Amino acid sequence: MKVLRRKEGPSLDSRLAALLEAAKLGEGRVSEPAVAGARAVAERAGVRRELSIDHTVAALAGATGSGKSSLYNALAGQDLADVGVTRPTTSTAQAALWDGEGAGPLLDWLDIPRRHSAADDPGLSGLVLLDLPDHDSIRLSHRLEVDRLVEQVDLLVWVVDPQKYADAALHERYLRPLAGHRDVMVVVLNQVDRLPADAVDRCLDDLRRLLDDDGLPGIPVLAVSARTGRGLDELRALLGERVSKRKSWSARLAADITAAAEHLAAAGPAQPVDGDRSPQAVDGGTSGGGKRLGGAERALTGALCAAAGVPAVVEAVAKGHRHRAVVATGWPVTRWVRRFRPDPLRRLRLGGLSPAGRAVRSAGGRADRGADREIVGRTSVPAASAVQRAQVETAVRDVGEVAAAGMPGAWAAAVRQAARSRAPELADAVDRAVATTSAVGTRRPRWWRAVNVVQWAVFAAMLAGALWLGVLFGMDYLRLPQPPLPTVGVVPWPTVLLVGGVLAGVLIALLARLAAWAGGRRRARRTGRALRASIGRVGEELVLEPVEAELDTYARFKEAVDQARAHA
Ligand SMILES: Nc1nc2c(ncn2[C@@H]2O[C@H](COP(=O)(O)OP(=O)(O)OP(=O)(O)O)[C@@H](O)[C@H]2O)c(=O)[nH]1
Ligand SMILES: [Mg+2]
């Protein structure tokens, strides 16, 4: 006995733990009754195994008048229960005990105060036999009592009679839903003394056929008569065998756990699914799901980029670069005019130099590394159009849809919901990503400073030439003697300085502008790539990650359900 118990104990333990884990993971996702049912089973199992496992509780259940009380009395060897002519007779359950020592707490838990000792029968030692009220009673209290005890007992003996063995109430409400409990159920056809001898087998065959249809093939079926005692020895032997094995209680719990796990696996969504295209599993097969998810992810990044105004930002980066290049390297004589024109990047409040607002540090990452400055508030990139917003919404939905493909309804709904769960944060997060990432576009190349120095040197030379010429002009005007004038070839130095300075300044400005034009393009391309990468990361964090977390939860749920369902 011990060996058997030990063999089943741990497996029942781990299955119970798995069932509880599945219930926890399914909470809020699959329908509440399934979760509550699993918890109830786990709780019941926990209590039952703490109580006497040396006793086996068998219940006689069936329709009124089938002869439950008569059988109960016959087995107990004394008239313990009323057998009446008015129907229904039995209104509360009572128990007959064979060596019932230690069964008290078990009967307390079953809430059965009426207990009797049965006539001695070593073969049945350890049996606790219950006489139940009728399951299809006109009295609600009878039905409630039956339903409660049918859930709790270790072994169910369904007593039927030749008239009512096909009753839908019995087959549809009890036998079919308990198809997984075949190992802990027995069907007894009572009152066979009322049938002609040749009709008994026909009746038994018909009953077996019905039970096959209920999903209970091979369940023990006995023909008995409480009145004549026919078949009672077989029934005693069968009960005695079950009682001596002391396995019914664990077999019952195992069947309960399997049923609860199956219920969880098949449960619908916790909340009614609204707005979803399909409440049921979409096209089956998750093979290639990863690839399709990748496609949906790219589409999402694309939609987010468009909504974030990436093309406008990229253009502004190029233009802004050229603008600042002109301010930094242009001909000093004319470059100041540029200052009156706004910086295209700054106009979008990018490049982050605005003094007010909440500072947002760049959140790290390759593209952000250069933007080691504080970025402030919202950018002024034009808001996404209604169409762009709708496209983002569709892309978010598609991610959920693709990820949910092939999943059971409840979980598909949870995955779709997960995809949308953080969507409201997208706009701000993307804007922040644009602000930090586009700041890379504002860094000044080193050569600007060098060119600037040269520009000012050339400007100084030009100024020197002009001054020199001015002095010469003044002296000439005042008819002062001309100082000696050094020349380059035939051209005097001050003229060389002035004209050369102008030409060199303009030429340098033009060349720098050319370089800045190419640089702006390069920088725009780089910024575009960086923007797509950082916006992609936003989509990953706010859409993909919740979806993946949900998929992971489902995987763990499925594993737990499979573990709970597994037969020992
Ligand atoms: N002929 C015959 N009559 C039986 C047999 N078993 C019970 N009866 C009769 O059938 C009637 C109902 O028997 P009960 O034992 O009270 O039936 P029950 O299933 O307990 O009915 P409730 O308590 O109302 O649910 C009684 O009149 C019994 O005498 C049997 O094997 N053969
Ligand atoms: Mg009765």
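Reader: On what basis are the values given?

Author: Residues are numbered from 1 along each chain as its sequence is written, and the model is predicted, with local features needing pLDDT of at least 70 and side-chain atom pairs counting only at pLDDT 80 or more. Side-chain values use heavy atoms, with hydrogens and water left out.

Reader: In what order do the strands of the open sheet lie, and which stand at the edges?

Author: Strands of a sheet pair through backbone hydrogen bonds, either parallel or antiparallel. Here strands are DSSP runs of E, at least two residues, numbered from the N terminus, and two of them pair if DSSP finds at least two bridges between them. The open sheet has 7 strands in the order 3-2-4-1-5-6-7, with mixed pairing. Strand 3 (115-117) and strand 7 (221-223) each have a single partner strand, so one side of each is left without a neighbour in the sheet. Strand 6 (residues 185-189) runs parallel to strand 7 and is joined to it by 3 bridges; V187 has V221 in strand 7 as its bridge partner.

Reader: How is the pair of W158 and Y174 arranged?

Author: A pair of aromatic rings is described by the distance of the centres and the angle of the planes. Rings of Phe, Tyr and Trp (its six-membered ring) pair if their centres lie within 6.5 Å, and planes under 30 degrees apart count as stacked, over 60 as edge-to-face and the rest as tilted. W158 and Y174 are tilted, at 5.4 Å centre to centre and 45° between the planes.

Terms used:
Chains are lettered from A and ligands numbered from 1 in the order in which they are written. Helices (H or I, at least four residues) and strands (E, at least two) are DSSP runs, numbered from the N terminus.
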